[in-house]
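Hi everyone, thanks for coming. I'd like to walk you through a structure that may be new to you, so let's get it up on the screen.

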Amino acid sequence: MSATVSFTVPSAHGQRPVTVSYARVGDGDPLVLLHGIGHHRQAWDPVVDILATERDVIAVDLPGFGASPALPDGLAYDLPTTNSVLAALFEALDLDRPHVAGNSLGGLLALELGREKLVRSVTALSPAGFWSEAERLYAFGVLIAMRRISQQLPVPLVERLARTAAGRTALTSTIYARPARRSPEAVVAETLALAQATGFDATLRAGASVQFTDDLPGIPVTVGWGTKDWLLVRRQGVRAKQVIPQARLVRLPGCGHCPMNDDPALVARVILDGSH
């Protein structure tokens, strides 16, 4: 069920109000799902029902994305602020060190929460932050191009393209290895979400200097990488394993950058296995 929650987060100029939209379903240990830049919580729809058979699943729209309003003045879209926002969200929802799974930006945020000992376990799918400078520049260039295209395409054209497998491929093949599997409605919604994301530019700027370099002792970590991820190429998974030696590195055959759509059963099993 979709809902919103409001809370305050400290800033240099006092407490600032933040509102976050989320959907919650299922029973069991709490599991928070975090999406990537320009996406929204519906990126997780292909796996939510599977996860909900064993977990209390909370899929979050990050501030400035999906249905969540932008951060107020005085709060930056950087990692320390996002950590504070998510910690306050956990408190507001009465989540005591939930499990967390994230994709892309969400994977990086999940690892940051693990570093701060705010979660019980981390599953990071193609997480940001393990790139070389050339790989980061390439990924950011692709993301900027995707954003501009989404903003320039008239909605009726997006809707028409989304009705065919070829059109869905044209719109989403950068992040999905099997874009034809995505429903027309989902493709339209995520194209609009990318175009309308108020936090996109500031988040991308904040990410320019990000490099994840810390081990996470005492936190179970799973890192999954699609073999057909053309946005954050899979050799970055090897770097992640080198930075976090105890992490379980899982190969996701035939999956792209957002593997939840490409192989929901595999991704759900990887998350459930990593969140015991």
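I'll go through some strands, then a loop, and then the helices.

Quick housekeeping: this is a predicted model, where local features need pLDDT of at least 70 and side-chain atom pairs count only at pLDDT 80 or more, while totals for chains, interfaces and linings use all residues. Residues are numbered from 1 along each chain as its sequence is written, and side-chain values use heavy atoms, with hydrogens and water left out.

Okay, strands. When I say helix or strand, I mean a DSSP run, H or I with at least four residues for helices and E with at least two for strands, numbered from the N terminus. Look at strand E1, residues 2-11, and strand E2, residues 14-25: they run antiparallel, joined by ten bridges. For pairing, DSSP has to find at least two bridges between two strands. The link from E1 to E2 is a hairpin through two residues, and Pro10 sits opposite Gln15 in E2. E2 also pairs with strand E4, residues 55-61, again in the antiparallel sense, over five bridges.

Now find Val32, in strand E3, residues 29-34. Is Val32 buried or exposed? Val32 counts as buried because its relative accessibility is 1%, and the cut-offs are under 20% relative accessible area for buried, over 50% for exposed, and partly exposed in between, using a 1.4 Å probe and protein chains only. So what does Val32 touch, leaving aside its neighbours within four places in sequence? The contacts, meaning heavy atoms within 4.5 Å, are Ile58, Val60, Phe90, Leu95, Pro98, His99, Val100 and Ala101.

On to the loop between helix H2 (79-92) and strand E5 (99-103), where we find Asp94. Most residues other than glycine have a negative phi. Asp94, though, has a positive phi, near 60°, and Asp94 is exposed, at 71% relative accessible area. Arg97 is in the loop between H2 and E5 too, and its phi is also positive, near 45°. Arg97 counts as partly exposed, with 35% relative accessibility.

Packed helices get described by the angle and the distance between their axes. Helix H5, residues 155-162, and helix H7, residues 184-196, have axes that come within 8 Å and cross at roughly 145°. Those axes are lines fitted to C-alpha atoms over the stretch in contact, with angles running from 0 to 180 degrees between N-to-C directions. And who meets whom? From H5 we have Val155, Val158, Glu159 and Ala162, and from H7 we have Pro184, Val187, Val188, Thr191 and Leu192.

Staying with H7, its 13 residues reach 18 Å from first C-alpha to last, close to the 18 Å expected at 1.5 Å a residue; that expected span is 1.5 Å times one less than the number of residues. Buried residues of H7 include Ala186, Glu190 and Leu194. Which helices do the buried residues of H7 pack against? They pack against helix H4 (133-152), H5, helix H6 (165-172) and helix H8 (200-207).

One last stop: Gln152, in helix H4. Gln152 is exposed, with 62% relative accessible area. From Gln152 to Trp131 is 21 residues in sequence and 29 Å in space, C-alpha to C-alpha.

That's my tour, thanks!
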